[in-house]
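Biologist: I would like to go through the pockets of this model with you. Could you bring it up, please?

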Amino acid sequence: PASSNRGINHWKGMDNTADIKEKIIGENTLRDIYILNLALEASKAVVRIDTSEGLGTGFMVAPDLLMTNNHVIKTQEVAQKSDFSFNYQLDINGKECPTQIIGALADGAFYTNEELDFTIVTLKDVPNFGNSLILKSKLKQRDDRVAIIQHPGGHLKKISIQNNFVAYA
């Protein structure tokens, strides 16, 4: 939509026909199409978490290890009482996919760090979700872009691939 703050309110008739066949107004947000494939593959490792204290998102970092925030799962007791849902999303036709709900492994690994706001939990009977997400040690800087795949508010899986900027690193 045209808006004066984007500098495009008078775009019609201001250029000759050759100049307006293709024009990027403002920031170039074009991305290579393979980014969509990477996002779809990564999304398979993203899990909805239903705890007694609320809803959240986690992601698989190994075949049976899930990582989430400490503010989502603070204790092993909370982890044991939580449901972990795989494939809680819409399919290509906009219909809900079959969801697989599992639990935490009773004697599995559990580690949490309140200061760094993360928790690792071992899950039991993990379905075949594809590849775990690989955490890389890559320095991010303020204003770098990031893509976010999550279950906002516990809702169906969503992706945000535009206008997500690092605010602090």
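Biologist: By class, which residues make up the lining of the largest pocket?
Modeller: This is a predicted model. In it, the lining of the largest pocket has 19 nonpolar, 11 polar and eight charged residues.

Biologist: What volume does the largest pocket have?
Modeller: The volume of the largest pocket is about 2000 Å³. It is lined by 38 residues, and those closest to its centre are Leu133, Lys140, Val146, Ala147 and Ile148.

Biologist: And which elements give two or more residues to that lining of the largest pocket?
Modeller: They are the helix α1 (34-43) and the strands β2 (54-60), β3 (65-68) and β8 (148-150). The largest share comes from α1, with six residues.

Biologist: Let us turn to the second largest pocket. What is its volume?
Modeller: The second largest pocket has a volume of about 350 Å³. Thirteen residues line it, and Leu40, Ser43, Gln89, Leu90 and Ile159 are the closest to its centre.

Biologist: Which elements give two or more residues to the lining there?
Modeller: For the second largest pocket, these are α1 and β9 (158-160). The largest share of this lining, four residues, comes from α1.

Biologist: So where does α1 contribute, in short?
Modeller: Helix α1 gives the largest share of the lining of the largest pocket, and α1 also gives the largest share for the second largest pocket.

Biologist: How many nonpolar, polar and charged residues does the lining of the second largest pocket have?
Modeller: Eight residues in that lining are nonpolar, two are polar and three are charged.

Note on methods. Residues are numbered from 1 along each chain as its sequence is written. This is a predicted model: local features need pLDDT of at least 70, side-chain atom pairs count only at pLDDT 80 or more; totals for chains, interfaces and linings use all residues. Side-chain values use heavy atoms; hydrogens and water are left out. On a 1 Å grid over the protein atoms alone, a cavity is a set of points where a 1.4 Å probe fits but cannot get out, and a pocket is an open set with protein on both sides within 12 Å along at least five of seven lines; lining residues have an atom within 4 Å of a point. Grid points are joined across faces, edges and corners, and a volume is the space filled by probe spheres set on the points. Ala, Val, Leu, Ile, Met, Phe, Trp, Tyr, Cys and Pro count as nonpolar, Asp, Glu, Lys and Arg as charged, and the others, Gly among them, as polar.
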